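I opened this notebook to keep track of what I looked up in one structure. The entries follow the order in which I went through it.

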Amino acid sequence: MARLADGGWRPTPFRQFILKIHSRCDLACTYCYMYEMADQSWRSRPLRMAPDVVEAVAARIAEHVRGHDLPSIELILHGGEPLLMRPEEIDGLVGTVRDTVDAHVAVTVQTNGVRLDTAYLGVFDRLDVGVGVSLDGDQRAHDRSRRTPGGRGSHHKVAAGLRLLTEPPFQRLFRGLLCTVDLRNDPLETYRALLEFGPPVIDFLLPHGTWAQPPPGLGGDSGDGGGTPYADWLIAIFDDWYAQSARPAGVRLFDEIIYLLVGGRSASEQIGLSPTAMVVVETDGEIEQSDILKSAYEGAPGTGLHVLRNSFDEVLALPSIAARQIGWAALSPTCAACPVARVCGGGHYAHRYRPGSGFLNPSVYCADLLRLITHVANTIKRDITALQKDFR
C-alpha cells in the first residue's frame, strides 16, 4: 500500500452501497453463492438490519460523502431477499439514509419478485425506488433452479409481480431483469421469454464459480471442460440482439464489451479494469467487499470492520480493496499477456480464485470470455470496415 501511495495511486471513493437488509430468502436457488457456496456466514447473521445499524450506516455514508465531496451515491437494497422486510420498514430505512446524507441518493431494490405486490410498489413509487427482478426465462427454464425450499417453482409468482411492475403507474420504476446463465436452457428461448416483460436492460450473469468449485459445464483442473459453452450460449443471443436495428432491450454485458472495445471504461464488475467503487454492509453492520466473494472461501469478503466502529475510508485503506481498484496491476501474468486483457479485465475478481494462488489467476471463465469478446470484436470490426468503405 505504501508503494502504491508513493507511486501516486489514490483509492476511488465508494459510490455504491449495498445493504443486506435481510439475511434470509424465501427461495432456495441451486446456484446461490450466498447459501450454497463456500462462505456460510449467513447462518450467524441476524435476520434484519436493526434500526441502530441503519442509523450507523446512514451516518457512515454521510461521512464518506462529505469527505469526498460526492454529489450522488447509489443505495442498493439486497439480501437474502430484501422484500422479507415489511414495506414500512423499507420506507423507514430509505428515509433515514436520505435524511442523513447530504447528496442525491438513488435507491434500487434487487428482488426475486416473489413478494412484489401493490403494497411494496406503492412505497417504491412514493420513494422513487427502482426495482430489478431476477428471472431466468420461461417457466420451465426459471423453475429449474429458482424454487422454494419445498421444491415448488416460483415463476408464476415472479411473473405476477412483473406484470404489476410493468404496468401503470409503476412501470417507471422497472430497472431491468437479472438472468443467470443456465446451459440447460435454450439461449434464444430464454432471451425471448425475458423480452416479453419489456425490460429496459437485461443482465446475463455467469453462475459464480472458482477454480476450486468450477461452474456447471467447466470441470477439471483446466477449468475449460474442453470447450466454451458459456460463450457459445451468449453468442447465440448476441447475434440475434445485434442484428436488430431497433434493439428491444439493452444487454449490459454486450453493451459493456462494445464500449470497452472502442476505448470506454467499464461500469460492471464482470469485465474491464475500472476500479470497484462498491461496498457491502451486512445485516449485523459488518462491512464486506463484494458479497460474490462468498463463492471463493469462508470469510473471503470479510474486512473485520463494522459501521459502529469504522469509517468507509478505513475500508478503502485495506489491501484487499486496493487489489480490486488497481486494475492492470492486479492481473496475473497470463492475463497481462492476453490480447483482450483491457476488455476482459481478468473477468470477475471472485471467479479468479484458486487455492494456493488466491486471486492472481485468470478467470475460471477465461476461454469463454476470450471467445465471446473476440466474437463481438470481429462483428463490430466487420461493420466499421463496411461503413468506412461506404464513406470513401
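**Ground rules.** I am working with a predicted model, in which local features need pLDDT of at least 70 and side-chain atom pairs count only at pLDDT 80 or more, while totals for chains, interfaces and linings use all residues. Residues are numbered from 1 along each chain as its sequence is written, and side-chain values use heavy atoms, with hydrogens and water left out.

Strands here are DSSP runs of E with at least two residues, helices are runs of H or I with at least four, and both are numbered from the N terminus; two strands pair if DSSP finds at least two bridges between them.

I then followed strand 4 (residues 129–134), where 6 of the 6 residues are buried, so the strand is largely enclosed by the rest of the structure. Buried means under 20% relative accessible area, exposed means over 50%, and partly exposed lies in between, with a 1.4 Å probe and protein chains only. V129, V131 and V133 point one way from strand 4, whereas G130, G132 and S134 point the other way. Strand 4 pairs with strand 3 (residues 104–111) in the parallel sense over 5 bridges, and V131 is the bridge partner of V109.

At the other end I checked strand 9 (residues 286–288), which is joined to strand 10 by 3 bridges and runs antiparallel to it; I287 stands opposite L305 there.

Leaving aside residues up to four places away in sequence, S290 touches E269, M278, V280, P301, R324 and H348, where contact means heavy atoms within 4.5 Å.

**A cavity.** I found 1 cavity of 30 Å³ or more. On a 1 Å grid over the protein atoms alone, a cavity is a set of points where a 1.4 Å probe fits but cannot get out, and lining residues have an atom within 4 Å of a point. The lining consists of D138, R140, A141, N185, D186, E189 and T190, and helix 5 (139–145) and helix 7 (187–195) are the elements that give two or more residues to it.

The peptide bond from G79 to G80 is cis, with omega near 15 degrees, and G80 lies in the loop between strand 2 (72–78) and helix 3 (87–100). Another cis peptide bond joins P168 and P169, with omega of about 5 degrees.

D69 is not a glycine, yet its phi is positive at about 50 degrees; D69 sits in the loop between helix 2 (51–68) and strand 2 and counts as exposed at 68% relative accessibility. D128 also has a positive phi, near 60 degrees, and its place is in the loop between helix 4 (118–127) and strand 4. I recorded D128 as partly exposed, with a relative accessible area of 37%.

Methods: 1 Å grid on protein atoms, 1.4 Å probe; cavity = no way out; pocket = protein on both sides within 12 Å on 5 of 7 lines; lining within 4 Å. Points joined across faces, edges and corners; volume = space filled by probe spheres on them.
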